[in-house]
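Good morning, everyone. Let me put the structure on the screen, and then we will walk through it.

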Amino acid sequence: MVRELLIFCIMLLSLPAGAISNEDKKQVVRVGHFPNVTHSQAVIGHGLSRENRGWFEKYLGPNVEVQWFIYSAGPSAMEAVFANSIDLVYAGPSPTINAYVRSKGEEVRVVCGACFGGSALVVQQGAIKAISDFKNNIVATPQLGNSQDVAARYWFRSKGFEFTLTGGDIRILPMENVDQLTLFKQRDLIAAWNVEPWVSRLVLEAQGEIYLEEAKLWPETDGKYVTTHLVSSRAFLENHPNLVKNWIRAHVDLTSWINHHPQEAQDLFNREIQKEIFQPLAENVLKRAWSKLEATYNPLPASVWRYSKMAYEIGFFKQKPDLSHLYELKLLHEVLEENRSL
């Protein structure tokens with residue numbers, strides 16, 4: 001017995017380094033997203049991974065494992081990028097720009113678009129007859145400095161309202177989405193600037209009405225504006241360009257499938273959302289929200305340039321952000337060109 005064990009140990013020592021473990025070791029791609037309809041490609045992809053029908057896995061190959069991570073807010077997702085805890089993340093323009101500026105352009109790159117639209121200013125039915133009726137009232141937004149918060153502050157300032165973070169002619173007050181819905185139902189909140197599916201919930205569940213579709217703020221881009229895009233850590237992009245390219249390829253094809261199969265896509269989305277937040281969206285809410293959004297792979301940089309300008313003009317940045325290296329779209333262009341040649 002001792003002799004056999006000794007022979008076995010000698011055989012192990014004679015093997016090349018890594019021969020035992022490297023063969024089975026997989027490359028891991030760590031991906032973050034929000035449990036939100038504006039992140040439909042990621043939510044559906046996560047759901048298919050959970051059901052062992054992985055969409056992205058088919059494009060990445062058998063030696064790659066996808067690990068999904070769910071975040072409730074952009075800043076926490078970007079902190080995970082900084083901490084090298086995730087490689088790719090679906091995120092909105094505000095946390096992406098903030099992360100880029102904070103890291104002096106070193107940490108993040110936008111590699112692909114994901115979603116357009118979905119934001120609106122919702123008011124109590126019959127409460128606002130003229131824009132002056134907003135004076136001395138509260139307008140809720142989801143989070144200080146997020147995309148809807150910046151849009152709200154910029155628009156109200158452009159209409160002549162004077163305000164600070166704590167008061168003024170109008171108070172723009174960040175609060176949790178569920179609190180907005182509760183206060184709206186109780187008629188204790190007159191208005192909210194939010195994004196889907198919360199816009200649809202305010203309309204359908206709290207009997208609110210649309211005062212302004214945010215698309216009207218974006219004439220330069222024909223009413224289109226980025227709600228979500230795909231962000232890579234700079235290190236992951238530089239070290240694993242082929243993995244990022246294959247992810248983009250899968251994202252482009254999944255976007256096309258979503259747009260051509262809306263009902264099946266909604267079913268997959270809602271099934272995964274129930275697992276992530278333990279409650280699916282009501283069917284009428286999901287259908288309305290889905291109709292207000294556009295799944296895309298177009299990064300639409302012009303929208304983000306203008307968004308950063310808005311944030312600067314209302315005081316969120318001391319200096320106008322230089323976003324000249326925020327976008328790295330070479331791989332996306334290669335994927336689209338290869339698709340055209342098929």
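First, a term: buried means under 20% relative accessible area, exposed means over 50%, and partly exposed is in between, with a 1.4 Å probe and protein chains only. Helices (H or I, at least four residues) and strands (E, at least two) are DSSP runs, numbered from the N terminus. With that, take helix H12, residues 283-291: its buried residues are Val-285, Leu-286, Arg-288, Ala-289 and Trp-290. They pack against helix H2 (40-50), helix H8 (198-204), S9, H10, helix H11 (262-277) and strand S11 (293-295). Contact here means heavy atoms within 4.5 Å.

A word on the source. This is a predicted model, where local features need pLDDT of at least 70 and side-chain atom pairs count only at pLDDT 80 or more, while totals for chains, interfaces and linings use all residues. Residues are numbered from 1 along each chain as its sequence is written, and side-chain values use heavy atoms, with hydrogens and water left out.

Now the overall picture. The protein chain has 14 helices and 11 strands. Its C-alpha trace spans about 90 × 50 × 45 Å along the principal axes. Of its 342 residues, 51% count as buried. Take contacts between residues at least 6 apart in sequence: 77% of them join residues at least 24 apart.

Next, the cores. A nonpolar core is a set of buried Ala, Val, Leu, Ile, Met, Phe, Trp, Tyr and Cys residues joined through side-chain atoms within 4.5 Å. The largest has 95 residues, and those with the most contacts inside it are Leu-121, Phe-134, Phe-156, Trp-247 and Ile-248. Helix H10, residues 241-260, gives the largest share of this core, 9 residues. Beyond its neighbours within four places in sequence, Ile-248 touches Val-111, Cys-112, Leu-230, Leu-331, Leu-332 and Val-335. A second, separate core has 13 residues, including Val-122, Ala-140, Met-175 and Ala-192.

Ala-140 brings us to the strands. Two strands pair if DSSP finds at least two bridges between them. Strand S6 (138-141) and strand S7 (171-174) pair in the parallel sense over 4 bridges. Ala-140 stands opposite Leu-173 in S7. From S6 the chain goes through H6 to S7, a right-handed β-α-β crossover. Right-handed means that, with the strands pointing away from the viewer, the path from the first strand over the helix to the second runs clockwise.

Which residues does Gln-180 contact, leaving aside its neighbours within four places in sequence? Ala-140 again, along with Thr-141, Pro-142, Met-175, Leu-189, Ala-192, Asn-194 and Leu-202. Gln-180 lies in helix H7, residues 177-185, and is buried at 1% relative accessibility.

Last, the aromatics. Rings of Phe, Tyr and Trp (its six-membered ring) pair if their centres lie within 6.5 Å; planes under 30 degrees apart count as stacked, over 60 as edge-to-face and the rest as tilted. The whole structure holds 15 aromatic pairs. In one of them, Trp-155 and Tyr-211 have ring centres 6.4 Å apart and planes at 70°, so this pair is edge-to-face. Trp-155 is in helix H6 (147-158) and Tyr-211 in strand S9 (208-213), so the pair ties together parts 56 residues apart in sequence. Trp-155 is buried at 9% relative accessibility, whereas Tyr-211 is partly exposed at 29%. Ring pairs also link both into a cluster with Phe-134, Phe-156, Phe-161 and Trp-193.
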